[in-house]
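Good morning, and thank you for making time for this presentation.

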Amino acid sequence: MSFTLPELPYPKDALEPYISSKTLEFHHGKHHNTYVVNLNNLIQDTDLAGESLENIITKTSGVPSKSGIFNNAAQVWNHSFYWNSMKSGGGGRPTGAIADEIKQHFGSYEQFAEQFKKAGLTQFGSGWAWLVLNKGRLEVMKTPNADTPLAHGLKPILTMDVWEHAYYLDYQNRRPDYIDAFINNLINWEFASSQLE
Ligand code: MN
């Protein structure tokens with residue numbers, strides 16, 4: 001049994017003009033796929049073969065000799081979660097249950113957006129910005145490289161990839177513009193709400 005690359009939850013051009021089909025072709029078809037292929041090769045014939053992705057992540061987190069497996073497993077998981085964190089016509093103010101939670105924990109949607117943007121901007125080099133549940137509290141955090149809240153006992157609600165490969169074709173070095181587009185035009189709040197339940 002091995003892992004397979006999940007289909008994107010929308011057509012490749014669905015996120016244009018904010019994220020181009022060319023970016024998704026490389027990011028999903030090449031980068032995400034490479035993590036899947038590497039992970040399958042690394043766990044083949046080991047005691048991790050047959051384990052769930054989540055179990056592989058928690059069992060290899062912080063184990064220096066297993067860092068290659070951790071990095072590829074976490075990147076497989078993070079990318080699948082990232083595709084679901086976006087949708088065509090998304091972004092802006094949330095509605096429904098998560099809107100109330102955002103207001104309760106951040107004070108306002110604007111304060112959430114400011115913190116989320118700052119997390120993405122201040123992640124030096126490659127990494128991820130997250131909205132997570134930490135013991136019932138919504139929090140914004142960032143993780144470097146492949147690291148994931150799952151490895152720290154936190155429940156991911158939403159993520160934004162800030163590796164250069166996520167935005168370079170469309171925005172070159174302008175990470176702030178990509179982050180603005182993600183927050184204002186791409187966030188899938190229905191998916192985020194579903195993660196709260
Ligand atoms: Mn990526």
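Let me begin with a term: a donor is an N, O or S atom within 2.8 Å of the metal, and for Na, K and Ca the limit is 3.2 Å. Please bear in mind throughout that this is a predicted model.

With that term in hand, the donor residues of the manganese ion follow the sequence spacing H-x51-H-x81-D-x3-H. H27 lies in helix α1, residues 21-43, and D161 in strand β3, residues 155-161, so this pair ties together parts that are 134 residues apart in sequence. The complete set of coordinating residues is H27 through NE2, H79 through NE2, D161 through OD and H165 through NE2, at 2.0 to 2.1 Å.

Are these residues buried or exposed, taking H27 as the case? H27 counts as buried, because its relative accessibility is 1%, under the 20% limit. D161, at 0%, is buried as well. H165 has 19% relative accessibility and counts as buried too.

Neighbours within four places in sequence aside, H165 is in contact with T23, H27, H31, Y35 and H79. Its side chain also joins that of H31 in a polar contact of 3.4 Å. By contrast, D100 is 65 residues away along the chain, and its C-alpha atom is 34 Å from that of H165.

I turn now to the domains. The assignment gives domain 1 as residues 21-84 and domain 2 as residues 97-196. Their centres, taken over C-alpha atoms, are 20 Å apart. To the contact, domain 1 brings 20 residues and domain 2 brings 24.

About 1700 Å² is buried between domain 1 and domain 2, with carbon and sulfur atoms giving 69% of that area. On the domain 1 side, T23, F81 and Y82 supply 36% of the area buried against domain 2, more than any other three residues.

What of polar interactions between domain 1 and domain 2? There are zero salt bridges between the two, but ten residue pairs are in polar contact. The elements of domain 1 that give two or more residues to this side are α1, α2 (53-60) and α3 (67-84). Of these, α3 gives the most, with ten residues.

Q195 is buried, at 18% relative accessible area. Beyond its neighbours up to four places away in sequence, Q195 touches F81, K155, P156 and I157. The side chains of Q195 and S194 make a polar contact at 3.4 Å.

Finally, the salt bridges, of which the count is five. In one of them, R93 meets E110 at 2.3 Å, N to O. R93 lies in the loop between α3 and α4 and E110 in helix α5, so the pair ties together parts 17 residues apart in sequence. R93 is exposed at 54%, whereas E110 is partly exposed at 42%.

A second pair, D180 and K117, meets at 2.8 Å, N to O. Here helix α7 holds D180 and helix α5 holds K117, so parts 63 residues apart in sequence are tied together. D180 is partly exposed at 28%, and K117 is partly exposed at 24%. R174 and D177 form another, with their closest N and O atoms 3.0 Å apart.

Thank you for your attention.

Technical notes. Residues numbered from 1 in each chain as written. Predicted model: local features only at pLDDT ≥ 70, side-chain atom pairs only at ≥ 80, totals over all residues. Heavy atoms only, no water. Helix = DSSP H or I, 4+ residues; strand = E, 2+ residues; numbered from the N terminus. Buried < 20%, exposed > 50% of the residue type's maximum accessible area, 1.4 Å probe, protein only. Domains from an automatic or database assignment. Contact = heavy atoms within 4.5 Å. Buried area = accessible area lost by both parts, 1.4 Å probe. Salt bridge = Lys/Arg side-chain N within 4 Å of Asp/Glu carboxyl O. Polar contact = N/O pair within 3.5 Å; in protein donor to acceptor, adjacent residues only side chain to side chain.
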